Amino acid sequence: MGVLASVLGVFDITLDKLSDGELWLAQFFRGLSDGATYASVALALVMIYKSTGFINFAQGSLALLGVYLAYIFSVEQGLPVAVAVVCAMVASSAVAMLVERVFIRPFPPDHVLPLVIVTLGLLLIIDSAVGIVWGFRTRSLPSMFPSGAPIEWGIAQLTWRTIGNLGTVFAVVGLLYLLLSRTKVGLAFRAVSSNLESARLVGIRVGPTLGFGWALAAAIGTLGGALVVPDLLLEPSIMLRVLIFSLAAAALGGLDSMVGAVIGGLVVGLARNLLVTFLDLSELALATAVAVILVVLLVRPTGLFGSTRVERV
Amino acid sequence: MSAPYLEVQGLKAAYGDIQVLHGIDFSVAEGQIAVILGANGAGKTTTLRALCAMVSTEGSIKLAGDELAGQRTADIVRRGVAHVPQGRGTFPELSVEENLMAGAFVRSDPEVRADADRWYETFPVLGERRGQTAGSLSGGEQQMLAIARALMLRPSLLLLDEPSLGLAPMITRSLFEQLTAINADAGTTMLVVEQNASLALGVADVAYVLEAGEVALSGPADELAADDNVRRAYLGY
Ligand SMILES: Nc1ncnc2c1ncn2[C@@H]1O[C@H](COP(=O)(O)OP(=O)(O)OP(=O)(O)O)[C@@H](O)[C@H]1O
Ligand SMILES: [Mg+2]
């Protein structure tokens, strides 16, 4: 008993804290809110992974650019935040299409290594460009959702922002599902991810289809960024931090499953908030995310919902 | 005889520095079935891939008088060229139904649905499994799906790379009967690569024998079937 007490003591766990129902609930809500933001960026990662077979590191940077544009449109130009975010989504998709056309399409889509290196290069270029253009001072972007909380139990609040973040992510997943399963461009996208050669042989133009995937992923990433940033502050390295958690979410969900990305995001969000509060691990939050990625890759590389790749002839 | 529907002249193809086809000539008349025979590695698959711009080529490929060389795969498909590649030409993660819809990707006419139902009737296993993913079908069922997928284009030229691969002998025979029926029905011109030479020569009008990237023999299928060299090398009697 004495040993246990001292172990708990190291982690600053008091029974008070553990038995505090309101604190649990408060952290649960915060976890959901964070989780929703990780999930939306994880969705963008999964989109590109599904179609190309690699993690696109430039994704976070395109989202970063999108969030800065949202900042310009709303804070500097005075547009309502939601409108500004939609404009930023459109603009970042356009940039993503251009980037895909100029830097990605010249490389054969089935040779992954050069493409991974190119996306790493793009990450560095876009991030520094953002730093050069907008500087490194922090800014704050208001949330798209009203402040306040419709439901409160003591310190536990279910805020409009949490509800908005969750609602947005579920709406995005629903729309993506409809787009991919009910439209021709969705069919083309899934055909390209499934069998590149046969996709060509049925007349699908592979380049533009992948460009469309980039645009869509940039739009989703920008939206995800616009959900995250109001909780933190906007500065050029912000998406890098979010990217780690989102990668953990995507890995946990199985990398090629959209539903997995959402559930992975929520699990990572909850785990992070509960660990930070009850184990007082705030310094280790990023390390925890990396640990999740490593454990998943070691123990169950297909994640919770990933498909084992069927071997192709 | 009128000008051939498909006329290939001086076709060369290479993978990087390795030249595989060294300038081959062949032609297929409209509505005919042509078969390409040859040993493993002779360049049969490469020939079909060259027709669809899936490998870098030189030479002339004329389809109904139009030059296909230099066009992109997507545009060649829109000219009505369907290709069943060697091995699994399906989309494993997509359902059987979605595979057929992908086959009709470039079509926008209202008869796509009716065509899909028609191929479900021709290949009843596919009809029974229309909601299943293609990857969950057996190898032979996937081969049928790949063929049905290609037919969904309503092709004017159908390229088939070893359609009998992985099919039971009975099924292979009935498949070739289906193909000749489609050929008679819709007048679809076909170019077939096939290891089962006696079956293929039985349904074909003309035949070409490839050796090391060159056309070694060619002629009417029945004449080649009677040729001593062909019999010894490909028919085994
Ligand atoms: N992707 C490739 N890269 C390099 N060389 C290739 C490639 N594909 C085929 N080859 C080479 O081209 C030659 C012809 O191959 P091809 O696949 O056309 O033969 P094939 O007649 O279809 O043989 P099979 O009966 O075994 O299918 C072979 O020597 C092969 O090694
Ligand atoms: Mg072959």
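This dialogue goes through several features of a predicted model.

Colleague: What should I know about numbering and confidence before I start?

Modeller: Residues are numbered from 1 along each chain as its sequence is written, and chains are lettered from A and ligands numbered from 1 in the order in which they are written. The model is predicted, so local features need pLDDT of at least 70 and side-chain atom pairs count only at pLDDT 80 or more, while totals for chains, interfaces and linings use all residues.

Colleague: At what angle do α3(A) and α7(A) cross?

Modeller: Axes are lines fitted to C-alpha atoms, for helices over the stretch in contact, and angles run from 0 to 180 degrees between N-to-C directions. Helix α3 (residues 21-52) and helix α7 (residues 160-182) of chain A cross at roughly 30°, and their axes come within 9 Å. Angles under 35 degrees count as roughly parallel, over 145 as roughly antiparallel, 65 to 115 as roughly perpendicular and the rest as oblique. α3(A) and α7(A) are therefore roughly parallel to each other. Residues in this contact include A:Phe29, A:Leu32 and A:Leu43 of α3(A), and A:Leu166 and A:Val173 of α7(A). By class, nine are nonpolar, six polar and one charged.

Colleague: Are α8(A) and α10(A) roughly parallel or roughly perpendicular?

Modeller: Helix α8 (residues 184-194) and helix α10 (residues 206-228) of chain A pack at about 105°, with axes 10 Å apart. They are therefore roughly perpendicular to each other. A:Val185, A:Ala188, A:Phe189 and A:Val192 in α8(A) meet residues of α10(A), among them A:Leu210 and A:Phe212.

Colleague: In what order do the six strands of the open sheet in chain B run?

Modeller: Two strands pair if DSSP finds at least two bridges between them. The order is β6-β7-β8-β3-β9-β10, with mixed pairing. β6 (81-84) and β10 (214-220) of chain B are the edge strands, each pairing on one side only. From one strand to the next, the twist averages 15°. β3 (residues 33-38) and β9 (residues 206-211) of chain B run parallel and are joined by five bridges, and B:Ile36 stands opposite B:Tyr208 in β9(B).

Colleague: Which strands of chain B does helix α6 lie across?

Modeller: Helix α6 (residues 139-151) of chain B lies across β6 and β7 of chain B, at about 175° to β6(B).

Colleague: Which helix gives the most to the shell around ligand 1?

Modeller: A residue is near a molecule or strand if its C-beta atom, placed from the backbone, lies within 6 Å of it. α1(B) gives the most, with three residues. Residues around ligand 1 include B:Tyr15, B:Gly43, B:Lys44, B:Thr45 and B:Gln86. The shell divides into four nonpolar, seven polar and one charged.

Technical notes
Helices (H or I, at least four residues) and strands (E, at least two) are DSSP runs, numbered from the N terminus. Two residues are in contact if their C-beta atoms, placed from the backbone, lie within 7 Å. Ala, Val, Leu, Ile, Met, Phe, Trp, Tyr, Cys and Pro count as nonpolar, Asp, Glu, Lys and Arg as charged, and the others, Gly among them, as polar.
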